[in-house]
Amino acid sequence: MRFSIIIPVFNRPDELRELLFSLTKQTYTNFEVIVVEDGSRDKADGVVSAFANQLDIRYFFKENSGQGFTRNYGFERAKGDYFVIFDSDALIPPHYFAAVNQRLESGWLDAYGGPDAAHPDFTPIQKAISYSMTSPFTTGGIRGSKKNLGGTFHPRSFNMGLSRKVWETIGGYKLSRMGEDIEFAIRIIERGFKTGLIPEAFIYHKRRTNFGQFFRQLRFFGRARINISRYYPNELKLVHAIPALFTLFVFSIPVWAIISPILFGLAVGVLLLIAFLILIDATRKEKSVKVGLLSVEAAFIQLTGYGIGFISEGWKRFWEPKGFKETGATIEYPS
């Protein structure tokens, strides 16, 4: 199996350098690397050149159009049998491609996704953000596990693979931002291709480095979920509204203080119980009280950020013309 690794990059040469370095450590090496620069000001061509003797690597520069269309650009130039997509802020463990190759040989998947995890060298905030995005106490926990409570497994593009046949059959991304990976996965599944999680194919995903960036990103994710419903109304499930319901609950607490001291006390008690459970679980997993405390903040930011984005875009959709579609190509991705 020859893999083609597609990496879109936008103004992140230092992160790309770390990602490429991690690829030089792979135990399975039958792959090429395609780096597509999406109109960056801070270009990464010099970083790519530094790895020319260590990796089978090619570099392309194109005008900015967003990550979805940039991945399409890479697909069109890939030579492999199987395409693998990574975000530029990922670190790949040495066993990754060996694990994927073994899984595909023992039980074929037309497309797969893998989990993400926090690297031991991540900052406490990065570890807290990673926890909140994979926690059973947030909607992040419905994916990336063997039970996959979200239903049929929909791979996500930060760590995703698909066969050449999938791409040749359904084409590439129709959206560039605003839920492009979800829409892409829906079409893969609708065409009858087999998807699944490969738990061993995890990556270390840096995500955001401060809570302000994290909030803006999750608000965008909430908007993206509503955008998917513009294309696939039946894909909007009750589970997707949990962050919005949590957000409304949090914002309603001051109102309960006016209406009923008893109900106010109950609401605060529920909030404290959720925070306590997150604190205990995160501290146990990360073996750090500091990360546990930060994880409480990260989880609340995740839920309310997503919830605010979900509610605001849902309100916008309620008033927009019937049949309106948003590709996200002209919308700036939050940094």
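Four bridges join strand S1 to strand S4 (residues 82-86), and the two run parallel. This is a predicted model: local features need pLDDT of at least 70, side-chain atom pairs count only at pLDDT 80 or more, and totals for chains, interfaces and linings use all residues. Residues are numbered from 1 along each chain as its sequence is written, and side-chain values use heavy atoms, with hydrogens and water left out.

Helices (H or I, at least four residues) and strands (E, at least two) are DSSP runs, numbered from the N terminus. Two strands pair if DSSP finds at least two bridges between them. On strand S2 (residues 31-38), S1 has another parallel partner, joined by seven bridges. Here Phe3 stands opposite Phe31. The chain passes from S1 through H1 to S2, and this β-α-β crossover is right-handed. Right-handed means that, with the strands pointing away from the viewer, the path from the first strand over the helix to the second runs clockwise.

How many of the seven residues of S1 are buried? Seven of the seven are, so strand S1 (residues 3-9) is largely enclosed by the rest of the structure. Buried means under 20% relative accessible area, exposed over 50%, and partly exposed in between (1.4 Å probe, protein chains only). In a regular strand the side chains alternate between the two faces of the sheet. Both faces of S1 are covered. Phe3, Ile5, Ile7 and Val9 lie on one side, with Ser4, Ile6 and Pro8 on the other.

Ile6 is found in strand S1. Its relative accessible area is 0%, so Ile6 is buried. Contact means heavy atoms within 4.5 Å. Not counting residues up to four places away in sequence, Ile6 touches Ile34, Arg71, Gly74, Phe75, Ala78, Val84, Ile85 and Phe86. The C-alpha atoms of Ile6 and Gly74 are separated by 5.8 Å, although the two are 68 residues apart along the chain.

Arg71 sits in helix H3. At 3% relative accessibility, Arg71 is buried. With residues up to four places away in sequence left out, Arg71 touches Ile6, Pro8, Ile85, Asp87, Ser157, Tyr173 and Glu180.

Gly269 belongs to helix H10. Gly269 is partly exposed, at 34% relative accessible area. The C-alpha atoms of Gly269 and Leu218 are separated by 26 Å, and the two are 51 residues apart along the chain.

## Enclosed helices

| Helix | Residues | Buried residues |
|---|---|---|
| H5 | 124-134 | Eight of the eleven |
| H7 | 180-190 | Nine of the eleven |

Helix H5 is largely enclosed by the rest of the structure. Its buried residues are Gln126, Lys127, Ala128, Ile129, Ser130, Tyr131, Ser132 and Met133. What covers them includes strand S7 (116-117), helix H8 (211-231), helix H10 (261-286) and helix H11 (289-319).

Helix H7 is also largely enclosed by the rest of the structure. Glu180, Asp181, Ile182, Glu183, Phe184, Ala185, Ile186, Arg187 and Ile188 are buried in H7. They pack against helix H3 (67-77), strand S6 (111-113), strand S8 (159-163), helix H6 (164-170), strand S9 (195-197) and H8. After H7 comes Gly192, whose phi is positive, near 90 degrees.

Strands of a sheet pair through backbone hydrogen bonds, either parallel or antiparallel. An open sheet of three strands has the order S5-S10-S7, with mixed pairing. Which strands form its edges? They are strand S5 (90-91) and S7, and each pairs on one side only. Between S5 and strand S10 (residues 203-205) the pairing is antiparallel, over two bridges. Ala90 has His205 of S10 as its bridge partner.

## The second largest pocket

A pocket here is found on a 1 Å grid over the protein atoms alone, as an open set of points where a 1.4 Å probe fits, with protein on both sides within 12 Å along at least five of seven lines; lining residues have an atom within 4 Å of a point. Grid points are joined across faces, edges and corners, and a volume is the space filled by probe spheres set on the points. The second largest pocket holds about 180 Å³ of space. Its lining consists of Glu18, Phe21, Ser22, Lys25, Leu91, Ile92, Pro93, Pro94, His119 and Tyr204. Helix H1 (residues 13-23) gives the largest share of this lining, three residues. By class, the lining has six nonpolar, two polar and two charged residues. Ala, Val, Leu, Ile, Met, Phe, Trp, Tyr, Cys and Pro count as nonpolar, Asp, Glu, Lys and Arg as charged, and the others, Gly among them, as polar.
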